[in-house]
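Colleague: I have not looked at this one before. Can you walk me through it?

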Amino acid sequence: MSLLLFILLPLLAIFLMPFYRAYLHYVSTVLSMALFGLALTCKAALPLVERVAVDLPLAITFELSSVSWLLVTLFTLSMSLFSLYHLRFSSNKALFVGTNMLLVGVIGLVLSRDIFNIYIFFEISSISAYLLTSLNQDAKAYGGAIRYMIIGAFASLFFLLSIMLIYLTIGVLDLQMIAQRFNLIDEQVQYLILLSLFIALGIKTELFGLNFWVPDVYQASRSAVSGLFSAMLSKSYLFLLFHLAYLLHVSTSQMAFLTLVAALTFAVAEFSALKSRETKRIFAFSTLGQIGLIALALSYGDTALTEAALFLIIVHALAKLMLFLALDLLERRLGSTKSEIFARFESLFLMAVFTVGALSLLGIPPFAGFAAKLSLLKGLAGLEAYGAMALILTVSLIEAAYLFRLLSGFRQGEQKMVVTLSPLERLIFGVMMFALLLLGLMPQPLLALCQEAAQAMLGGYHAAL
Amino acid sequence: MLHFEATLLGHLFFGLSLLVIVALLRKNDGLWHLLLLGSLGIIFYASSLVTLFIGWEMMGWSGYFILSKTARVSTLQRYILFNLGGAFALLGAIALLFSFMGSMMLCDIDLTLLPVWALHSVSALVLIAVFVKSGIIGAHDWVVDSYQEASPLFSAVLSAILSKAGIYLFIVLLLKQPHDERVLFELMAWLGAITSVVATFKAISQDEIKRLLAYSSIAQLGYIITALSLMQAYALEAALYHTVIHTLVKLLLFVNVAAIMAITGKERFSELGGLLYRVPLLFVLLVIGIIALAGMPLLGGFNGKFLLYTALLEEKRALLLATVMFSSASAFLYCYKLVYGIYLGQRPHDESPLHVSPKSYYIPQLLSAALLILLGFLPALPTPLFSAIGVEAGFSALEFTKPSILNSPFGSFNGAVLMSAFGVVFVLILGLLQRVHSKAKAAQNAQDISYCGEVPKAGVNLHFGYGMGHELGRIGFIAFILRRQSRRFWDYLNLIVGDLSILLRSLYALGTQHILLLSLLGFTLLLLGGL
């Protein structure tokens, strides 16, 4: 079995599109579920390394370690749920191309083991993201897409700059080799490379100072697409940023800088959401906040915290995808995503979906977010990082303020529109809610996987500290 | 993930919860109440910190969803933010404890192993959670509105049971303190006492029945907190005793008020009055309730107060004792207001027809009245249980001779004898009054004050007790207390956070060119600055 399948199958599906133009939503569903199954079967064979034969330095190397396996599984699962949700709608070419390219992009980003290859997937995922943003084909969508494109191009520029500097100085592109020879580079150039990488990946990871564009793009996109961005795109870059940071053994002070940026990302985003009246924007801010939280945990380079961060990545992806899909459903029925819509519909099932999602985001037991937050706090306590603990707990209260304000909308309003869900939609949301509850009650199996993944991700990093 | 252990303390608290929630269970929101009961079970039988916390949070949000059926949005927000604030403080304490103990099990916690700063931090964080749940002054902002806007029966649950979870938390986590580090508990003792004074006066000045009861709850919790902070065997007994009594009393009073509200549809003292002959049984039950609430001798309520006073005396805390006695004596005023405002005085002018009282309201009241009377006869009945709980917590065993004799460091009294003597005297006086009453002439009407030279309109209520509590504002010291409002502080904080939010949000409205410029600027600065 080849890792190339993860890349080639979706691409092939896109190229063969003319043959099944009317059945794209079915193809997408079958394909993503097949890839999910494929990912599950790979578990036994980890770690897998595969080189497509071209001469060095241009060899294309893929590596499926425990951590990239975890992410690939998450991405294919998210994509499956997303496609299942879209089964009810008619076949849509742009959506098909965009989502499948995005899947190729994010899987490629976590699988690739050489930096130029990463750049290729960087571009693939970016282009598909621009395409997906403009899906609604109105002024707002195009505005958002163009804004996204300009900022994305800016990020690519810095990414290319760092690749160029690496290749000029040590003449290799393979990540392992770069890691071995990175010390040979002049210190100032090293710093320039790291800084360019930080700018490029910081924009994509949506870290503070580089993330001011995010809420607009999320707002311009369809809710479901925002869910996909939140569950897949930002998560793959988050992995990439810290994977490179660990691999290149960045110094303690540089890691501390990342901690600071992550803390700012978390706090500023949650504060900004407080007064927002637009649900999609609120969820976008909440995504930024959670990314900050995950980055905060990863920036300590500690096994327990990395484990917690990976767990949080999965839990947050599930919860956010669920919330965005539910919001998409409401947007289609009620034609708006203002927070007032919570007072305008009547559906016990959807209310439960929003409640479970919000409680999980907040880290309130018995839902999965709690297990994540608890292991995060335990990890921080183990490192005696009491300041970070205090920050997380205080800012969580702000998060609670806006999420519960959203939920309190349910009981306002007079003339409510009854929203009924199809059995398939009930199934999708039911499965996601059940997963969040189950992961909250029995987090150990997944935590064990995350621990394994954390060790693979850190590699020899904390040995250097 | 969940670990449980059966302890005597757990049995006591869960028993009380079971009593209250089963007594109040109704069909329409039964499911949520059962969830609430389940979460209380998780808290009271938890043997690990994580389990305890899970129960704690579930209690918070199941209460939120019950409350959300009747309360306003601002009240809901207040309820959830205060409770989550307390819960997050508890979570911080749990993580801190874990970092020193390396275990989440309750039995592994040994506070003496903590360095002083960590001990203080853990204690302070747990105390925040305790204070929020119990509504200690400063953290009580959510209590009164929530009690008022909850459905009548859910306010009984809130007051009788949920407020006690904080007491349990304190006993489980903080009671085994190293005795030389007690600065925080000194503060706690005074906070409790001040809470009881302030809340008592606030209660007297209320016109809405449920607000009065809410402030009275806060005041009673203040006594319990003061008792707990002393950390000795009799004080613990006092705290536990008071917890039991307060649960029974508030169950009785809130259900009584709920019945009145169901019968009349009114919830203000100024709209009620003169119901004595319409619902005499409710009147009798209420009188039993307030005798216990005021801590007057004979019914169970006295026993808790008696133990608290003697414990304070034994610890030679004269000033604290004086404060508690002051507030306890002032509490008579609001107790009287409850009886007077609803049952005595004259019927309001715009009298609306009475609905028939649902029978189910009587069962919980009769139950708790019976228990209160039983505790009057046998005051030391629960002492062996409290003693065993004290021993579990590391205190010496309490003196126990027989159930009718309650012992304290300053002597004992026999409840059975007292109650019997009281009964005889009561019957005698009642008979006497009955004789006198038979000769008395009833006033023609309440407006019958013609000898004053003026004839008031029919709608004017002239009874001396009408509007009681308004005059308090004229007493300088009490007016000062009544003017204090922690809400202003919280509103101000809310305003500042909101403004900060708007300020920070404007960052995300920057144009593309500005974002790029900022990124470049950051890049340049970092490049020049170096790391």
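Modeller: Two residues count as in contact if their C-beta atoms, placed from the backbone, lie within 7 Å. This is a predicted model, where local features need pLDDT of at least 70, side-chain atom pairs count only at pLDDT 80 or more, and totals for chains, interfaces and linings use all residues. Residues are numbered from 1 along each chain as its sequence is written, while chains are lettered from A and ligands numbered from 1 in the order in which they are written.

Colleague: How many residues of chain A are in contact with chain B?

Modeller: On the chain A side there are 46, and they meet 42 residues of chain B.

Colleague: Which helices of chain A supply at least two residues each to that side?

Modeller: H6 (139-170), H8 (187-205), H11 (252-273), H15 (368-382) and H16 (386-408). H16(A) gives the largest share, ten residues. Helices here are DSSP runs of H or I with at least four residues, strands are runs of E with at least two, and both are numbered from the N terminus.

Colleague: And what is that side made of, by class?

Modeller: It has 31 nonpolar, nine polar and six charged residues. Ala, Val, Leu, Ile, Met, Phe, Trp, Tyr, Cys and Pro count as nonpolar, Asp, Glu, Lys and Arg as charged, and the others, Gly among them, as polar.

Colleague: What ipTM does the predictor give the complex?

Modeller: The ipTM is 0.91 and the pTM is 0.92. Chain B averages a pLDDT of 87, with 93% of its residues at 70 or above; pLDDT is the predictor's confidence in each residue, from 0 to 100.

Colleague: How much of chain A is buried?

Modeller: 58% of its 465 residues. Buried means 20 or more other C-beta atoms within 10 Å of the residue's own, exposed means 12 or fewer, and partly exposed is in between, with C-beta atoms placed from the backbone.

Colleague: Then Ile120(A): buried, exposed or partly exposed?

Modeller: Ile120(A) is partly exposed, because 15 other C-beta atoms lie within 10 Å. Ile120(A) belongs to helix H5 (residues 115-133) of chain A. Its C-alpha is 8.3 Å from that of Gly105(A), 15 residues away along the chain.
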